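Visitor: Could you walk me through this protein, one question at a time?
Guide: Gladly; let us look at it together.

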Amino acid sequence: MAEENAQPLNYIPEVILKKRKNSEAWALRKKEQFQMRNFQSRKTKDYIKKPEDYVLEYRNKEVDFIRMKRRVKRKLPGVVPTNPKPLIIIRIQGKKDMHPTTRKVLYSLGLRRIFSAVFVRPGAGVLAKLQKVEPFVTYGYANLKSIKDLIYKKGNTRIDKRTVPLTDNNIIEQELGKFGIVCIEDMVHQIDNLGPHFEEVVKFLWPFELNKPAEGLRGSKTLFKDGGDTGNREDLINELINKMN
């Protein structure tokens, strides 16, 4: 009987073994993180507020209201430039520490969610509202590139209680055609130049839902000019828009 040839052992390169080990460790870590998130979620749902939590929440709201009244007494800042440009307002703060009056002003501007943004025509009425909600928003003058990028990437409207992306010019023509606005470029032109139908275009647009910037916000209610996040950024608002779009 002939001797059987010895079969070589299966050889797996060390690099592949290390990759397998790392993949298994990564999978275990992700599983632990997922389980922890579920546990924290259940814990949050079952959490019962203590009396001191309500006291602290009420106190924060009253402090916000007092500070708002102080800001309103200040002289309105002259932020309207020689060549008027549209203002864009971005809500970056505001949850439980906000007085109902402050929330009402934010809602009147169309800013119901954090990181939502709207275009407005600069004027005394808008500046008065911005004074009231200054710790919760940042704003400045949007340039043509920012206006285009926002409408093309984040542009939506509201039809039959549904949010519809502006991917079809027929939607625009149907709603704004009577004003001679039949496409996105017409909308951009009206906003950038503060045209006669600026209000109609802005009303047609649903507030932009921006992304939380990976960097650029510190979570501070201090004014931007003093090293914080809020208030007037003037032309520098376009850098923040680019990070959040």
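Guide: First a term: a salt bridge is a side-chain nitrogen of Lys or Arg within 4 Å of a carboxyl oxygen of Asp or Glu. This is a predicted model, where local features need pLDDT of at least 70 and side-chain atom pairs count only at pLDDT 80 or more, while totals for chains, interfaces and linings use all residues. Residues are numbered from 1 along each chain as its sequence is written, and side-chain values use heavy atoms, with hydrogens and water left out.

Visitor: Which residue meets lysine 148 in a salt bridge?
Guide: Lysine 148 is partly exposed, at 31% relative accessible area (buried is under 20%, exposed over 50%, partly exposed in between, with a 1.4 Å probe and protein chains only). The N to O distance of its salt bridge is 3.9 Å, and the partner is glutamate 185.

Visitor: Why does that pair tie together separate parts of the sequence?
Guide: Helices here are DSSP runs of H or I with at least four residues, and strands are E runs of at least two, numbered from the N terminus. Glutamate 185 belongs to α7 and lysine 148 to α5, so the parts they tie together are 37 residues apart in sequence.

Visitor: Where do the buried residues of α5 lie, seen down its axis?
Guide: Helix α5 (residues 144-154) has Ser146, Ile147, Leu150, Ile151 and Lys154 as its buried residues. They fall within an arc of 120° (taken from the directions from the helix axis to the C-beta atoms), so they line one face of the helix.

Visitor: Which exposed residues does the face of α5 turned away from the buried side carry?
Guide: Lysine 145 counts as exposed, at 52% relative accessibility, and it forms a salt bridge with aspartate 149 at 2.8 Å between the closest N and O atoms. The exposed residues on that face are Lys145 and Lys153.

Visitor: How far apart in the chain are aspartate 192 and lysine 85?
Guide: Their side chains meet in a salt bridge at 2.7 Å, N to O. Aspartate 192 is in helix α7 and lysine 85 in the loop between α2 (51-73) and β1, which puts them 107 residues apart.
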